[in-house]
Amino acid sequence: MAKDKMAKDQVFKGWVSDSECAAEGNKKCDNKEHVAKGAKLVLVNDADNKIWTVANPDSLAAHQGHHVQVKASADSDKGTITVQNVKMLK
């Protein structure tokens, strides 16, 4: 992937969910079985409710169902983010 297609690191606040639940409007889903059965781990952005697929899901696997702030690089063409760090929010 060309580096010029990747955006600078950005800060996102949102809910860690899975692609099945997020598509149905449930951004707080913590059912890990969905991911085990093939759903993608996603972040539902607080600002615009955009659903970002997490390119490195291991970085957020322990946070499914949690409200978090992440620093990540985003690929808006693919709708993916690559998480560098994560912080729990209240």
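**Reading the barrel**

Modeller: Five strands close into a barrel, ordered β1-β2-β3-β5-β4, with mixed pairing. From one strand to the next the twist averages 55°, an angle between lines fitted to C-alpha atoms, taken between N-to-C directions on a scale from 0 to 180 degrees. Strands are DSSP runs (E, at least two residues), numbered from the N terminus, and two of them pair if DSSP finds at least two bridges between them. This is a predicted model, where local features need pLDDT of at least 70, side-chain atom pairs count only at pLDDT 80 or more, and totals for chains, interfaces and linings use all residues. Residues are numbered from 1 along each chain as its sequence is written, and side-chain values use heavy atoms, with hydrogens and water left out.

Colleague: In which sense do β4 and β5 pair?

Modeller: Strands of a sheet pair through backbone hydrogen bonds, either parallel or antiparallel. Here β4 and β5 are antiparallel, over eight bridges, with Lys71 partnered by Asn85 in β5. They form a hairpin with four residues between them, and Gly79 in the turn has a positive phi of about 70°. Strand β3 (residues 51–54), by contrast, runs parallel to β5 (residues 80–88), joined by two bridges.

Colleague: Why does His67 count as buried?

Modeller: Buried means under 20% relative accessible area (1.4 Å probe, protein chains only), exposed over 50%, partly exposed in between. His67 lies in strand β4 and counts as buried because its relative accessibility is 16%.

Colleague: Which residues is His67 in contact with?

Modeller: Contact means heavy atoms within 4.5 Å. Leaving aside neighbours within four places in sequence, the contacts of His67 include Trp15, Asp46 and Met88.
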